[in-house]
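Trainee: I have this one open on my screen now. Could you walk me through it?

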Amino acid sequence: MKVIYGTRSCFGAALIASCALWSSCSTESKVADAVAKTDTPAPPAVVEPLSGKTAYWEMYASARKWSTDAVPLEVKSKEIPGIANGGGKAAMWTAMFASPSKSEARVFTYAIAAKKPDIYKGVSIGRALPWNGPSRDMLPFQMSSVNVDSDAAYKAGETRAAAWLKQHPGEEATLTLRSVAEYSVPVWGILWGDNKKGYRSLVNGVDGTPITNK
């Protein structure tokens, strides 16, 4: 009987040792997998161009901190080298705000990515400039009255520019939102090419209807 008990005892000890070894290996495997996952670099974040109104509200928050009576005079699309604009959206936008109480204006910039040496991600604030009040070419307006965002304005302008664009493929567009004395509403200007040889389409910022073409 002692021999039998001894055999069972040895078998049990061997079984326990085997389980302990398997458990140890399993734990080490899980740790190795966790380390491998941690060491795997995350995919780079995808940066997408923004519409004009989306970028505007980012800049507006900073403008209100500068002056509580800040009002927009202009919103304009810009480019960041290496990031393509398109469809009325841009990688960088500027907005000029005026402060009647300060008699000053400032240009705010919003960029989706940084680009050395002078483009910073997020909102950047330009220096204060003297502002003598509204002019015929640049009147204050309220963004709350602008129902048409830059991408929708681009589509409307693109339709009118179709013939010109067919003859000038690949031309980039610059979008500008302003209120001028000639019109009673804020207007999106979409310019393909340059002022001399390009094509400009104007779109009503309130209802999205084309105004005129030059």
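Trainee: What share of the contacts between residues at least 6 apart in sequence join residues at least 24 apart?

Mentor: In this predicted model, 56% of those contacts in the chain join residues at least 24 apart.

Trainee: And how many helices and strands are there?

Mentor: There are four helices and nine strands in the chain, and from the N terminus on they follow the order α-α-β-β-β-β-β-α-α-β-β-β-β.

Trainee: Let's look at H2. How far does it reach?

Mentor: Helix H2 covers residues 52-66, and its 15 residues reach 21 Å from the first C-alpha to the last, which is close to the 21 Å expected at 1.5 Å a residue.

Trainee: Which of its residues are buried, and what covers them?

Mentor: The buried residues of H2 are Gly52, Lys53, Ala55, Tyr56, Met59, Ser62, Ala63 and Trp66. What covers them includes strands S1 (71-78), S2 (92-99), S3 (104-111), S4 (122-125) and S7 (187-192), together with helix H3 (150-160).

Trainee: Take Tyr56 from that list. Why does it count as buried?

Mentor: Tyr56 counts as buried because its relative accessible area is 1%, and the cut-off for that class is under 20%. Not counting residues up to four places away in sequence, Tyr56 touches Pro72, Val75, Ala95, Phe97 and Met143. The C-alpha atoms of Tyr56 and Thr109 are separated by 9.0 Å, although the two residues are 53 residues apart along the chain.

Trainee: What about the largest nonpolar core, which residues have the most contacts inside it?

Mentor: That core has 38 residues, and those with the most contacts inside it are Met59, Trp93, Phe97, Trp188, Ile190 and Trp192. Two or more residues come from each of H2, S2, S3, H3, helix H4 (162-167), strand S6 (173-178), S7 and strand S8 (199-204), and H2 gives the most, with five residues. Apart from this core lies another, of seven residues, among them Leu73, Ala98, Ala105 and Met138.

Trainee: And what does Trp192 touch?

Mentor: Leaving out residues up to four places away in sequence, the contacts of Trp192 include Tyr154, Gly157, Trp164, Leu165, Tyr199 and Ser201.

Trainee: Switching to pockets, how much space lies in the largest one, and which residues are closest to its centre?

Mentor: About 460 Å³ of space lies in the largest pocket. It is lined by 18 residues, of which Arg178, Val180, Gly189, Arg200 and Leu202 are the closest to the centre. S1, S6, S7 and S8 each supply at least two residues of that lining.

Trainee: Now two loop residues. Is Ser67 buried or exposed?

Mentor: Ser67, in the loop between H2 and S1, counts as buried because its relative accessibility is 4%. Leaving aside its neighbours within four places in sequence, Ser67 is in contact with Ser99, Ser101 and Lys102.

Trainee: And Asn147, buried or exposed?

Mentor: Asn147, found in the loop between strand S5 (129-130) and H3, counts as exposed because its relative accessibility is 54%, and the cut-off for exposed is over 50%. Even so, Asn147 touches Lys53, Gly205 and Val206, with residues up to four places away in sequence not counted.

Conventions. Residues numbered from 1 in each chain as written. Predicted model: local features only at pLDDT ≥ 70, side-chain atom pairs only at ≥ 80, totals over all residues. Heavy atoms only, no water. Contact = heavy atoms within 4.5 Å. Expected span 1.5 Å × (residues − 1). Buried < 20%, exposed > 50% of the residue type's maximum accessible area, 1.4 Å probe, protein only. Core = buried A, V, L, I, M, F, W, Y, C linked by side-chain atoms within 4.5 Å. 1 Å grid on protein atoms, 1.4 Å probe; cavity = no way out; pocket = protein on both sides within 12 Å on 5 of 7 lines; lining within 4 Å. Points joined across faces, edges and corners; volume = space filled by probe spheres on them.
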